[in-house]
Amino acid sequence: MERRIADAAEISRMFTRMAHELLELNHGPNQLVVLGIPTRGCAVASRLAEEIKKIEKVDVPVGTLDITMYRDDLRRHPTREARRSDIPVDVNERVVVLADDVLYSGRTVASAFDALKDLGRPAAIRLVELVDRGHHQLPIAADIVGKTVQTAADEHVRVRLHETDGYDAIEIGRN
Amino acid sequence: MKYLISDVQLVSGEHTDLFVAEGSFRDPADASGDVTRIDASGLIALPGLVDLHTHLREPGREDAETIASGTKAAARGGYTCVHAMANTDPVADTAEAVEHVLEVGLAEGSAQVVPVGAVSKGLEGQELAELGLMARSKARTRFFSDDGKCVADSLLMRRALSYVTAFDGVIAQHSQDPRLAGAGACCHESEWSGRLGLPGWPAQAESVIVARDVQLAELTGARLHVCHVSTAESVEVIRWAKKRGIRVTAEATPHHLYLDVSNVEGYDTTYKVNPPLATNEHIEAVREALADGTIDAVATDHAPHNPQDKDHPFDVALPGMLGLEQSLAVVMETMLNPGRITWETLAERMSYAPARIGQVANQGRALAVGEPANLVLVDPSARATVDKNASLSRSRNNPYHGRELPDPVVLTMWAGDVTYGR
Amino acid sequence: MRHLLGTKDLSKEEALAILDLAEDMAQVQHRQVKKLPALRGRTIVNAFFEDSTRTRTSFEIAGKWLSADTINVSAKGSSVSKGESLRDTMLTLDAMGVDAFVIRHPSSGAAKQVSGWVGAHVINAGDGQHEHPTQALLDAFSMRHHFAKIGNPGFEGKRVAIVGDLLHSRVVRSNVYLLSKLGAEVVLVAPPTLMPAGVENWPVTTAYDFDSVISELDVAMMLRVQRERMAGGFFPTPREYSDAYGLTLERLRRLKEGAAICHPGPMNRGVEISSAASDSAASLVFDQVASGVAVRMSVLYTLLGGEEGIRE
């Protein structure tokens, strides 16, 4: 049984606000490159770029950073299918914005740092999360968060985006 | 020891009692005193089996088999006589060498050991071995073979055949054209060799040698014995030669009656053997020839090998597989039980004929008063799953491991002594 | 997947998954830091019982780029008379805690045999005249790229000729199984003396006359002809062989537009392939080499990347 805690309109407003916050943090769109972490991070990344374009009238490069090979739990599961990384520009001296849907343990983000390190040396790395549900296991915090949600450990948070799920929503439920 | 074997069925179907004393069959009416009684009701008595083709590995490779261990395995398989092949180390190519095998056999054997002499010195196919000296030795060798190697040189083969006619010897040929089936050849040339990438051994590598040899036998008037016939083409040549009156005999192995080339799919070197396992059409031809007498005898080509000679890539591992303990079982499974031969024919192919071909006077005799007491008691219905580790051989290269087969041998008696019993 | 012994036992889906992952792996070649941490702490032994600089180097780079520890062991071929058995050699290495063996051996079936003895994963890097699955996968990878580049993607309906010493080639079996699974039509071209036994039961057509098929090919894969085969009487002279089965300048001109040329290497220029052909725009020869590393990374990751990769 899942409970909806945000609908499409609220999510749309979150992206608008996050784009503004990001532009403010970065003093404009210069040097930005947004990399989504598959699966839903890719949709988060492209929506963020759309919002930036509405505000600044510029195209920020958008890409994909697959972190499968960098996961610290690779050996705890059957061989994971890796996805394609698509890095549109040289990340050296760029401001890389990592986009993901839910911040939980923080391990995905840590793996993403490792993956980025092998691609070059960005000037800065910023983290954008649509939801921060707490229970971090690593000293990692997002720079920009769409919605902070108090959860119990036995709950799960599902981000639904129409690119992957056909509709926009944030849902919470018991395992 | 005296034995009274009661209510046993003979191959003719007749039921009788057999009395054994001092190594021979005696009149059961004379059975008295200290007699061991064996109730053989439900069992069939066959004359002790005779193997024309056994590798006992002694001298030279006693780690793989000895005369003692090999003849124990023979006894368990129902054999009372084995022909010990000459490819030992040193090669049995002198009178002294064949006499040594004879003497060890008499001292330690659980079956009669008939030494086979080499045709050529060192099996090298270059010069004749001392065939006459072997024939006149205590071993009285009449059966000569370079087995494992083919006497490929036509002229040497002609001379060998011709020479042994002086003492009515026989040349037993391992038919393998060394060019058509060269050093690496290890898989019956077929879809299997092509698919598995194993160097192919065409059926004709055997039959062209058989065709040559039967004509040389005709030329010299000599006796030729064709070892381990494995192909339809060889069968046809032998059939033709016999019709023509050429003095040729032939043997087939249990594995060529039962196992097909598909067994090599996993590259298990247990199934590497020369000649290689063939396709079903060849197996069928060999079965038919054994049934109609074109192939005279079953011979095991029992070839013990230790892991250090088998745990190699398929084309490198040594060829050969065990056979003594399951030979009768396989002949029952493939020939007798399907109704292709009778018990009488089975006794002919596994005892009478091989004794005649090897000229072993006291083997392959009827179970009759006055004859040497060589026999095997058979339970025709017992079956078991073969366990290679339960073997009396020193080696474990048993291709029947894990297969469910007849388990016929209840008791084997050689010259009045029980050499195996369960 | 526990072992990769051949393409015969590989499903179409497994093969496509390896090829897809290889696309990702190929990206690593163009990065500053050519390294992924996926196989950190894994030990891969390249056990080569036969020299092959190209294949060994390719596997070694693939392993290193995935952060595995790769060790090369060169050993003489097995022999009954001297030295230890193949089984003892491999069990000795296995006892050191190896995670995977990449095996090259002059005898057919060696990789399969080893897979039954050791606890580690086994990857067949060429066994005798049997299979060489990673070569076939990299050939398919190069072909797939080529088909996409010329705007005619996919293997369905493509005609691939494999020309040359089919009898002694480990590449041909792996390619026949893989390409036919992927939907291509394979035609084998060789003199009758170099056709494998039972080829009529393979999923291929055959031809003795190269010229009869050349103009309809999408890919001509030329196999190396070893000069020692001449001694075996398989064909009279290299000149005669080249005349009938070489990809000469004349035959190069008869290839249709967009057709590609493959060669698993090393090439005998002037025998099975002319320099005009190997250096032409249609040649994928050096793409094949580059693809090799990506495909082998993909295979290593597929076998060793997850929990199945952990030794029992």
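## Two crossing helices in chain C

In chain C, the axes of helix α1 (residues 12-28) and helix α11 (residues 285-304) come within 8 Å and cross at roughly 115°. Axes here are lines fitted to C-alpha atoms, for helices over the stretch in contact, and angles run from 0 to 180 degrees between N-to-C directions. Helices (H or I, at least four residues) and strands (E, at least two) are DSSP runs, numbered from the N terminus. The crossing of α1(C) and α11(C) is right-handed; a crossing is called right-handed if the near helix is turned clockwise from the far one by less than a right angle, and left-handed if anticlockwise.

On the α1(C) side, the contact is made by C:I18, C:L21, C:A22, C:M25 and C:A26. On the α11(C) side, C:A294, C:V295, C:M297, C:S298, C:V299, C:Y301 and C:T302 take part. Two residues are in contact if their C-beta atoms, placed from the backbone, lie within 7 Å. By class, the contact of α1(C) with α11(C) has ten nonpolar, two polar and no charged residues. In this division Ala, Val, Leu, Ile, Met, Phe, Trp, Tyr, Cys and Pro count as nonpolar, Asp, Glu, Lys and Arg as charged, and the others, Gly among them, as polar.

## Basis of the model

The model is predicted: local features need pLDDT of at least 70, side-chain atom pairs count only at pLDDT 80 or more, and totals for chains, interfaces and linings use all residues. Residues are numbered from 1 along each chain as its sequence is written, while chains are lettered from A and ligands numbered from 1 in the order in which they are written.

## How the chains meet

Two pairs of chains touch, and the pair with the most contacts is B and C. That contact takes 24 residues from chain C and 21 residues from chain B. The elements of chain C that give two or more residues to this side are α3 (86-94), α4 (110-115) and α6 (170-182). The residues on the side of chain C that touches chain B divide into six nonpolar, 13 polar and five charged.

Chain C also meets chain A, with 18 residues of chain C in contact with 16 residues of chain A. Helix α1(C) gives the most to this side of chain C, with four residues. The side of chain C that touches chain A is made up of six nonpolar, six polar and six charged residues. Chains A and B have no contact with each other, and their closest C-alpha atoms lie 27 Å apart.

## Chain A

Chain A holds four helices and eight strands, which follow the pattern β-α-β-α-β-β-α-β-β-β-α-β along the sequence. Its C-alpha atoms fill a box of roughly 45 × 40 × 30 Å along the principal axes. Of its 175 residues, 41% are buried. A residue is buried if 20 or more other C-beta atoms lie within 10 Å of its own, exposed if 12 or fewer, and partly exposed in between, with C-beta atoms placed from the backbone.

Five strands of chain A form an open sheet with parallel pairing, in the order β3-β2-β4-β5-β6. The edge strands are β3 (62-64) and β6 (144-148), each of which pairs on one side only. The twist averages 25° from one strand to the next. Strand β2 (residues 32-36) of chain A runs parallel to β3(A) and is joined to it by three bridges; strands pair if DSSP finds at least two bridges between them. A:V34 stands opposite A:V62 in β3(A). Helix α1 (residues 8-25) of chain A packs on the sheet, touching β4 (95-103), β5 (124-132) and β6 of chain A, and its direction makes about 150° with that of β6(A). Helix α2 (residues 40-56) of chain A also packs on the sheet, where it touches β2, β3, β4 and β5 of chain A; the direction of α2(A) makes about 125° with that of β4(A).

## Chain B

The secondary structure of chain B comes to twelve helices and 20 strands. Its radius of gyration is 20 Å, close to the 22 Å that the globule rule gives for 422 residues, so chain B is as compact as a globular protein of that length. The radius is taken over C-alpha atoms, and the rule is 2.2 Å times the number of residues to the power 0.38. Buried residues make up 60% of chain B.

Strand β19 (residues 409-414) of chain B has five of its six residues buried, so β19(B) is largely enclosed by the rest of the structure. Strand β16 (residues 375-378) of chain B pairs with β19(B) in the antiparallel sense over four bridges, and B:L375 has B:M413 as its bridge partner. Four bridges also join β19(B) to strand β20 (residues 417-421) of chain B, again antiparallel, with B:T412 opposite B:Y420. β19(B) and β20(B) form a hairpin with two residues between them, and B:A415 in the turn has a positive phi of about 50°.
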